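Subject: Structure handover

Dear colleague,

I am passing this structure on to you, and my notes on it follow below. Please read them with the model open beside you.

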2 protein chains.
Amino acid sequence: MSPLTLKDVAKTIGVSPSTVSRVLNHHPDVAPHTRQKIELGIKNLGYTPNLLAKDLRLETTKTIGVVISDISNPYFARVIRGAENAARQRGYSIILCDTAEQYELEEESVELLLKKRVVGLLLTPVHEDIINLLKLKGQGVPFVLVARYLSKVVTNYVVSDDALGGYLATQHLIKKGHKKILHLGGLPSLSDAWDRLAGYKRALLENGIAFDQNLVRTVSTVTMDEAYSHMNTVLSDKKIDFTAIFCFSDYLAMGAVKAIQGRGLKIPADIAVVGYDDIEMASLLEIPLTTIRTPRYRLGKRAVEILIDHLLQEKDETPQQIMVEPSLVVRKSA
Amino acid sequence: MSPLTLKDVAKTIGVSPSTVSRVLNHHPDVAPHTRQKIELGIKNLGYTPNLLAKDLRLETTKTIGVVISDISNPYFARVIRGAENAARQRGYSIILCDTAEQYELEEESVELLLKKRVVGLLLTPVHEDIINLLKLKGQGVPFVLVARYLSKVVTNYVVSDDALGGYLATQHLIKKGHKKILHLGGLPSLSDAWDRLAGYKRALLENGIAFDQNLVRTVSTVTMDEAYSHMNTVLSDKKIDFTAIFCFSDYLAMGAVKAIQGRGLKIPADIAVVGYDDIEMASLLEIPLTTIRTPRYRLGKRAVEILIDHLLQEKDETPQQIMVEPSLVVRKSA
DNA sequence: CTGTTAGCGCATTCAG
DNA sequence: CTGAATGCGCTAACAG
């Protein structure tokens, strides 16, 4: 009932375990005849090597962990694809963990991955806390932050230039004549939210528009529902005056749009909306969303490349910090 | 540089490896004092157990593989969440593989998971080929199919009742007065497509509407773009006459909607559309989509439960085949 | 209550 | 070219 071992295979074929091991690992020093015989035997017997044993023996693992903050966010699906493909191409496999944006799960995931002896990992941090990262450093396991970086600590990362994205979005609204622009953002403890806000501010500044803290709204969880109810509050408040919104994400934008429409206001005539991410559905909404596009597939791909490069070079090199450029996609909402 | 071992820990604390092992595994037979000392040491030294070694030794693994056909499909994100939570609750962890609907990747994934000695797996088959499943059977690794089953072989599965879903969708259109209903389906080699088509047929039959093979259209890849171009072809064909469409998925429905609107036709006035899945964006489209909702989270949860139940009982019991009921969600498109 | 011993499945010396 | 012996890190008897 328990699976065949290499030894079993060797015995039934009538050779030694080492020889079987050699053909399994494509060693040159095996007689063609023996090799053929063994290969056939392996196939016939349906032998499946035990990677636990192999990896234990080799004291390494050829697998990298990927800790993603939310796989239900289509934004990350492409990031993962990019990572997965790059990894497989280089002979690595991936263990994927979803933290559902909960820090506790991030901790558990990192812990588990460490125990499984991944050789490195990609991580989308869900919290500015760096305990996890220190743990990784402590274990000497290299990692690359994806999509977000942490300002408190110097690490490898591959992110989109969120400050630029925020700037482009805001600049677009300003060009359209808007001066009172609301920013519906995430908690600025994470770089993506912080930087997009920074880009927003810079655009304002460059155009001589005074920054108004009252026009910066923050939602605790980055969901559509949260944005919807938050926007309803804002729209009810007569003291808050604006003609456009720059949202942290397309999801938030969708919630905002719903709230705006719920009040009988027109988009973009009454209020213009810009989102962020350019998720697939952005172009399919009733009012196709003007948004910021980031090269997600590449994000994942580059991150893995950096990680593996790191693995291959023994020396402790300087961190790679990559920023890819986002671009503005103009549709109907602004 | 290489990580601490249990033996290292034991030595620096001044006890034997077995004792450390005991506290690690919460054995009762350890003196409170010793236990405390060891727990402290473990924490201070930052020891991370090597799961490869542990699992090798125990000849089991506490991890289950999940092979999903497409993580970028938000439909599956919830399935995965359900599976992940159920697994963690019972002390199992998950290795997630995305096959991107490619059979070759499905094979690779299953192979890898087997080598990693997962104790069982969930699988959304992308192909009617059962080689993979036979391989699993051969290795004695239990598995549960999710979302789709294969008619050729008797297995555990947890699916939505697609025949019922197809029936509900079609029935709804018929009640609305439609008699010429197009079905835009997937390749009916997989159960989901096949069953939805079957439900469509049954509804027709029950209402005395003749089934017309010309009204069944099939797209090879289940993407929006494919649906869009396919529908354009259909709409150009004057010989094909219909007033409503039942689509295999919301994605296809979105493509169809785009094509219909592109021709200046109104939905649902000129052509009514029903989708399937009730993905998040279904309610957010310009014309909110009437569709079939399936309890996705529960699908994943139940699948894991079945798998683990299977694991716990040594006896080779009869396959569990669970069908959960979908429901009709009426919105604006039909 | 604690330590000693053995072996999980494999890759790699080292001999032959 | 092939085989026998060793140990990766860990847990589970078995003694004490």
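A residue is called buried here if 20 or more other C-beta atoms lie within 10 Å of its own, exposed if 12 or fewer do, and partly exposed in between, with C-beta atoms placed from the backbone. Helices (H or I, at least four residues) and strands (E, at least two) are DSSP runs, numbered from the N terminus. The model is a predicted one, in which local features need pLDDT of at least 70 and side-chain atom pairs count only at pLDDT 80 or more, while totals for chains, interfaces and linings use all residues. Residues are numbered from 1 along each chain as its sequence is written, and chains are lettered from A and ligands numbered from 1 in the order in which they are written.

I begin with strand β1 of chain A, residues 63-68, where six of the six residues are buried, so that the strand is largely enclosed by the rest of the structure. Thr63(A), Gly65(A) and Val67(A) point one way from β1(A), whereas Ile64(A), Val66(A) and Ile68(A) point the other way, and all are buried. Strands are said to pair if DSSP finds at least two bridges between them, and β1(A) pairs in the parallel sense with β2(A), residues 93-98, over six bridges. Within that pairing, Thr63(A) has Ser93(A) as its bridge partner in β2(A).

In chain B, strand β8 (residues 244-247) has Ala244(B) and Phe246(B) pointing one way and Ile245(B) and Cys247(B) the other, and all are buried. β8(B) pairs in the parallel sense with β6(B), residues 181-185, over four bridges, and Leu184(B) has Cys247(B) as its bridge partner there. β8(B) also pairs in the parallel sense with β9(B), residues 272-274, over three bridges, with Phe246(B) standing opposite Val274(B).

Next comes the nonpolar core, meaning a set of buried Ala, Val, Leu, Ile, Met, Phe, Trp, Tyr and Cys residues joined through C-beta atoms within 7 Å. The largest one has 179 residues, and those that touch the most other members are Val66(A), Leu122(A), Ala256(A), Val66(B), Leu122(B) and Ala256(B). Two residues are in contact if their C-beta atoms, placed from the backbone, lie within 7 Å; leaving aside neighbours within four places in sequence, Val66(A) has among its contacts Ile80(A), Ile94(A), Leu96(A) and Leu122(A). A second, separate core of six residues includes Leu51(A), Leu51(B), Leu52(B) and Leu56(B).

As for how the chains meet, the contact takes 39 residues from chain B and 39 residues from chain A. On the side of chain B that touches chain A, α5(B) gives the most, with six residues. If Ala, Val, Leu, Ile, Met, Phe, Trp, Tyr, Cys and Pro count as nonpolar, Asp, Glu, Lys and Arg as charged, and the others, Gly among them, as polar, then this side divides into 20 nonpolar, nine polar and ten charged residues.

Chain B can be laid on chain A with an RMSD of 0.2 Å by a turn of 180° and a shift of 0.1 Å along the axis, where copies are superposed by least squares on the C-alpha atoms of residues with pLDDT of at least 70 in both. That is the relation of a two-fold axis, and in chain B the C-alpha nearest the axis, 1.7 Å from it, belongs to Glu286(B).

Finally, some backbone details deserve a look. The peptide bond from Ile267(A) to Pro268(A) is cis, with omega near 5°, and Pro268(A) sits in the loop between α11 (250-262) and β9 (272-274) of chain A. His26(A) is not a glycine, yet has a positive phi of about 55°, and with 8 C-beta neighbours inside 10 Å His26(A) counts as exposed. Arg117(A) also has a positive phi, near 60°, but Arg117(A) is buried, with 22 other C-beta atoms within 10 Å.

With best wishes
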